[in-house]
Amino acid sequence: MKRRTFLSAVGSGLVSAAGTALPKTAFAAGAGDPVKLGLLFSQSGTMANGESLLKDTALMTIDQINAKGGVLGRKLQGVVVDPASDWPMYAQLAKQLILRDQCAALFGCWTSVSRKSVLPVVESQNSLLFYPLHFEGEEQSKNVVYLNSPPSSSVLPAIDYLMSEQGGGARRFYMIGSDYVWPRTINKMLKGYLKTKGIPDSAWREHYVPFGQSNFQTIVRDIKDFAAQPGGQAIVVMTVVGDSIPAMFKEAINQGVRATDIPILGLDVVDSDLEGLDTTPLVGHLSCWCYFQNVDTPQNRQFKSDWKNYVGAHNLKHRPDMVIDPMVSTYLGINLWAQAVTKAHSTSTDAVRKALAGQSMVDPAGYTVKMDASTQYLWRGDMIGSINAKQGFDILWKSKDIEKPVPFSPFIGKA
Amino acid sequence: MSAFATKWMGQSVEVGIVPLLVLLALYLPLAYFVIPESNALHLSLFGINLIGQIMCFALLALALDLVWGYAGILSLGHGIFFGIGGYMMAIYLLNGAYADTHVLPDFLQYMGASDFPPAWKMLSRLDVTIIATVVVTVLAAGAFGFVTFRSRINGVYLSIITQALTYALMLLLFINDVGLGGNNGMTGFTSLAGHRLADTSTQIGLAVCSCLLLVAAYIGVRFLSRSSFGRALIAVRDDEARMRFLGYRTHTLKLFAWCLSAVLAAFAGMLYVPQVGIVNPTIVSPQLSVEIAVWVAIGGRGTLIGAIVGAIVVNGLKFWLTAQLPALWPFILAGVTLVIVVYSSNGLWGALKAAGLENNGGSQ
Amino acid sequence: MINFRQICCTIVCLALVWTTAASAAPGRAATLASFCATNGDKAAALEQLVEAGVSDDTHERAWARQIVDAIRNGALVCGADGQVTLQGHPALDATTLQPRANASADSPYVPSIVMMRKLAVASAEMDLFSPRPDTRAAAARQVDKFFALLDPAVVARAVKAQHDPDIAATLTLALAKRGLNSNVKADRLAAINAVAEAPSETARTALTNFAAEDSVRSDPDVLAAVQGAIRHMDTWLSLGKGLSILFSGLSYAGVLLLTALGLSIVFGLMGVINLAHGEFIMIGAYATWLVERFMQAHLPGWFDAYIFVAIPVAFVICAACGMLLEFFVIRFLYRRPLETLLATWAVSIALIKLIQVLFGSQNVEFVTPGFLNGGMQVAPGFFVTWNRVFAIVLAVLIFGATFAVVRFTKLGLLMRATTQLRDMARCLGVPAERVDRIAFGLGAGLAGLAGVVLTQIASVNPSMGTGFVVDSFMVVVLGGAGSLAGTVVSSLALGEINQFIEPFYGAVAAKVAVLLLIVLIIQKRPQGLFALKTRV
């Protein structure tokens, strides 16, 4: 009996330990072995729609690099995990990818809260996280590479446009966001910025909903009520993410809110959020990114056809004709990492970091993007897109050249 | 003779878990520092960390077994107390991080605060934090238990109410305005009682502490269960009305067991958070609270060891299988739960014990 | 013999036609050129288009209509070479509307938001002269909405030409709002009265802006009139807002009722806590999706009716799942409610994973049937959307059907008997196990129906059920297990309370407050509001 207890109690302890120890002993690092890249994108949960696209784009880019011979004579291998839109899981899996799978770098995260969960892990383990989404800034870690724009180069130009006469002369702002760091920080910065433009406190309203909220009935009513108050044209600054985006759009359509009445600037809206919606009543609502797939350059045509072939060849569930900005950012990130590794002749974090500074390449939107020498932010071009009737975006405005990213906004403290 | 032998062996088996766990606690630092990496018995930091987390879950299961196995109260909301311990430890750790780095946590910054709330600053020492956690937990558990047990609510109604309460707490914690980090939760811990959390020795120390706390809790609860208090609890579980008619204040008995269980769960939370490095509202999700009951059910409720065994087996399997076969894990868990719940109401441990009794030819 | 006069007339007529065509073409070309010019006055060009669109010449009207529609649809290409084209199959030259040999390679003009508003008004103004009354009515409402941008000359002409008094009234109101700025005091007072007669949020904004003007503040009569008008409108608008809240509460209550109905029957009958109830709702929603896909592929003409077809399909599928669950799992756990709880939880996680594996974990999008799109402004400040009206109506109908089954059928009689006194019913020959199975199937089927309705209101994904389980249980526990009336009353009460709190503190706080309220009520009255009277 004692023996049985011994076996059952300790055996289960060993099960967990063995599960973690064995793969490590089986993988002794050797030259000819593939270089592993961790892909930290959710395949289930509220972020699955967007992040699964990024995982497949990453795998496609890895295939492209391997077809050209890999890096330093070794092939690349993407290690796919599923954090299931659960923020602590991102941290747990990041630890697993670095410690157990010995990944050279991590590519992942969409929401800022997932990035903030992973941040302590990459900092304590001295690894690199390449982050492909536009975000709220206010962060500059030597273990994170920021591949997309902070608010200074994305949100503020769009707000300026909407406040201009051509954009409708917006004077009142309804900020609706999911309740976490990105919307809160964006709105804080926005309030500071509006104050410098002379917009009074009574001209804006802030409201936050939990992740995955799908009932926007009361909120859209509140928006209509807000817009009916005097003081000028009202716009909605929409920072909800994931499933909440189509839910809010559907409610706005049903309650008769059109872009000609109250324009909505959806800061996280991509083409995949418009799938399945009849976007005719949504025509005119805006979004801002560094890339829209309607941009006409030879690089973009190549990228779109590569993606189409990849989806067809691997029978993926994605739309072959849809490419969004975060996919392009992921593609740029892996390529820039590969360039840095080649220059540094090493995959170690410190060497790659040094070699990344100043790396540049041509992106599908036609800009020559460049990695900043000191902040680890990527200089990108900026575009404002307007929803069209074909579940996509028409390009309303694009910047002439890449813009300098400003990590820490001067407007945050002014609110 | 055989009856005596079975009883003696049964006792020794149940006490035997204690030296086993102590051995495990001693093995952990050896496995990392002494045993070389190429040896199969070596444990990586990741593995030790997992074992520490599993020990916390085992303590949590033990706490639930106390109220469910012995008092018959199926609480599907023990996550609340786990979360109270976790969040209070997190506040203490944030105080420590602020002392180290002089940078406010993100969620305070974007909510516009320029300093910690005054209530938080009280939790700047570990002993104060522990005492405060015990006080808050006893108050919360006591308030709930007092009202509920006096109203004679039990059975499924109580279970549903505890689910609803943990769900409500989770929803509340998601709101950033409540000031506890919202969806982000709290992270960015640097040091615990002077030890840097990034050091391997601290992590191993935490895992060892979890084992030892489990041992201490087990000894204490086992002693309690063998005492007259324990007998009274079992009687309340089996027939509360009769106990009441016999003159026992059943609601006081239940309340005491409930508060003790809550404090144990809170301690489990306090040790869990520094090992995981983050706390967020999913710690009080209804899902986790039901899972605790599943661990106890699979292990065998009412036996204390069963709860520990159940928690270790289920979580060990979970960590192993979600890495290898993530698509299959929910089916395996569902299947195991169904089989155990439907066919063997005594769980794994009960089945083992029954098989052992048969082997020895003893009839009790 | 050909008459010389006839020849002359023919030549003159032809010449006239040719010159008018030639002069029309330069007119068209000039308008298009000024629209496409980089620093051109697009607004003025648009005015010229509208003039063409309301002129007496049918060709001009058709041309202007086509151009304005093209601009709105992003199909007008201002070529770099000066040629203006309309995209399409085939590409057309914008001036002559004749097919072009090759389509332009330039990108089409993307209208800004301000331009979109002007285009909407332009299109509406042209529609005011359409022969169809419903088009004219819609156009009149559009013009009224954008009264600040309308062209008074065109609208005045339209008023004169209208035979329909309602349309004329809408247009006059629009002109009145525009004409608040008249210099004649009597006109202003008349305009204020006209606006006050038709309360709406936009009218209130117009009047409030008007009241802030210096010319108004200095004139006490006008100021008094405006303030009186605003107060009058405020009463109407508050009434409308109150009705809105009641309506949202009703729709929330409808959803609660649907999700809790099946649970009430099962819990009351067997005392079984079914944690897989949310998953039956989810299965119903996915069954609806399958029906939608099927009808889209094979019966596109009847597509809008998919939701009605889905009702029996989802009911049958979920009832079957429920009966299977009862047969394989629940019946072994008779009189062991806590074990049933854990067993059904296990089934629920397996079901969620199964659906995830089969359908993917992303949200599935539903195409709303045409008749459920949009809504109606019932009163000032009170807008109802059709999908929620549908949910309420369906909830009432389903409840009625369930009530009828429970009250008036033999099965219902057996179910009620088994609920009240199980052992006695068995002694009287009621096959309690079979009644259990059928009742469980009924409960699961009702959950499936809830899923069908929810496809139009909530997002559908494999874990959608978990959000409804706690809420439905609280409704059942509050209302009293097994009591249908109790379920209705508690859903109504909870739905309305939730919607009253939501505008002030947000949806989450409202939910939490309702949960805590229920917990408190249960402490005082554990058997719920409507306890079934049994002798045990």
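Because the model is predicted, local features are described only at pLDDT of at least 70 and side-chain atom pairs count only at pLDDT 80 or more, while totals for chains, interfaces and linings use all residues. Residues are numbered from 1 along each chain as its sequence is written, and chains are lettered from A and ligands numbered from 1 in the order in which they are written.

Chain A contains 12 helices and 15 strands, where helices (H or I, at least four residues) and strands (E, at least two) are DSSP runs numbered from the N terminus. The radius of gyration of chain A, taken over C-alpha atoms, is 23 Å, close to the 22 Å that the globule rule gives for 415 residues, so chain A is as compact as a globular protein of that length; the rule itself is 2.2 Å times the number of residues to the power 0.38. The C-alpha trace of chain A spans about 75 × 60 × 45 Å along its principal axes. Of the 415 residues in chain A, 60% are buried, a residue being called buried if 20 or more other C-beta atoms lie within 10 Å of its own, exposed if 12 or fewer do, and partly exposed in between, with C-beta atoms placed from the backbone. Among the contacts in chain A with a separation of 6 or more, 71% are made by residues 24 or more positions apart; two residues are in contact if their C-beta atoms, placed from the backbone, lie within 7 Å.

Within chain A, 5 strands form an open sheet with parallel pairing in the order S2-S1-S3-S4-S5, two strands being paired if DSSP finds at least two bridges between them. Strand S2 (76–81) and strand S5 (144–146) of chain A are the edge strands, and each pairs on one side only. From one strand to the next, the twist averages 25°, the axes being lines fitted to C-alpha atoms (for helices over the stretch in contact) and angles running from 0 to 180 degrees between N-to-C directions. Strand S1 (residues 35–40) and strand S3 (residues 105–108) of chain A pair in the parallel sense over 4 bridges, and Leu37(A) has Ala105(A) in S3(A) as its bridge partner. Helix H2 (residues 48–67) of chain A packs on this sheet and touches S1, S2 and S3 of chain A, its direction making about 165° with that of S2(A).

Chain B has 15 helices and 4 strands. Its radius of gyration is 21 Å, close to the 21 Å that the globule rule gives for 364 residues, so chain B is as compact as a globular protein of that length. Buried residues account for 53% of the 364 residues in chain B, and 80% of the contacts in chain B between residues at least 6 apart in sequence join residues at least 24 apart. One residue, Leu180(B), lies in the loop between H7 and strand S1 (186–187) of chain B and is buried, with 21 other C-beta atoms within 10 Å. With its neighbours within four places in sequence left aside, Leu180(B) is in contact with Tyr87(B) and Leu173(B).

Chain C is divided into domain 1 (23–111), domain 2 (114–218) and domain 3 (242–360 + 374–463), with bounds that come from an automatic or database domain assignment. The centres of domain 2 and domain 3 of chain C, taken over C-alpha atoms, are separated by 49 Å. In chain C, 3 strands form an open sheet with antiparallel pairing in the order S1-S2-S3. Strand S1 (76–78) and strand S3 (92–93) of chain C stand at the edges with a single partner strand each, so one side of each is left without a neighbour in the sheet. S1(C) pairs with strand S2 (residues 84–86) of chain C in the antiparallel sense over 3 bridges, and Leu76(C) has Leu86(C) in S2(C) as its bridge partner. Ala103(C), placed in the loop between S3 and helix H4 (113–127) of chain C, is partly exposed, with 16 other C-beta atoms within 10 Å.
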